[in-house]
Amino acid sequence: MPSYRQLGCCCQSTTSGFVLPLALSAAFLILLSSTSLLSLALLSLSRTRISMAERMRADQLRSAAQHFAQLATDSHACLLSWPSSSWNDLGSQCADADPGRLQKGLIGEEVWSLIDWVPSGDTGRLSLRLAAGARAAFLLAIDPDGPAVREVGAMRPLVTLEQERP
């Protein structure tokens, strides 16, 4: 008859040492997948923040264009007939107009400045810059009965040299 020791050797499990590696592998997979999900969430958050910042800049630029249109009234509306490059040389043609008033403004806490104004019949191209560096152009509809802005058109972002470089 076999001894107890011999029976113990034969009945020993062949799966001993298999549970720990399986548990470690499962834990590693869970850790890896949670890290991947966290990375995706952070990437999504980053994209959302960038998108929100771009929308805020676009809104500030549009507000600056609207502010320009509000300032270009009364005696300052005379300046809309000429390009901004010749505003300081107009002399008596727009005697009551102050070109400096249409060249800078403040929207909230953001300072905007005029890059250029180029009239063309019943429209004009307005290019503005924010102090933070964002730039855009707008097509403004001019009232044919007198120089006044009827409508501020869609915004077209202006690309700077820094944005073009990879």
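Start by selecting Gly121: in the hairpin of S2 and S3, which has two residues between the strands, this glycine takes a positive phi near 70°. Strands here are DSSP runs of E with at least two residues, and helices are runs of H or I with at least four, numbered from the N terminus. You are looking at a predicted model, where local features need pLDDT of at least 70, side-chain atom pairs count only at pLDDT 80 or more, and totals for chains, interfaces and linings use all residues. Residues are numbered from 1 along each chain as its sequence is written, and side-chain values use heavy atoms, leaving out hydrogens and water.

Next, colour S2 (residues 110-120) and S3: they run antiparallel, joined by eight bridges. Two strands pair if DSSP finds at least two bridges between them. Now click Ser127, in S3 (residues 123-130), and look across to Asp116, which stands opposite.

Stay on Ser127. Is this residue buried or exposed? Ser127 counts as buried because its relative accessibility is 1% (buried is under 20% relative accessible area, exposed over 50%, partly exposed in between, with a 1.4 Å probe and protein chains only). Show its surroundings: beyond its neighbours within four places in sequence, Ser127 is in contact (heavy atoms within 4.5 Å) with residues including Ile115, Ala136 and Leu158.

Thr123 stands opposite Ala141 in S4. In the turn of this hairpin, which has four residues between its strands, select Gly133, with a positive phi of about 115°.

Finally, zoom out: the protein has three helices and five strands, in the order α-α-β-β-β-β-β-α.
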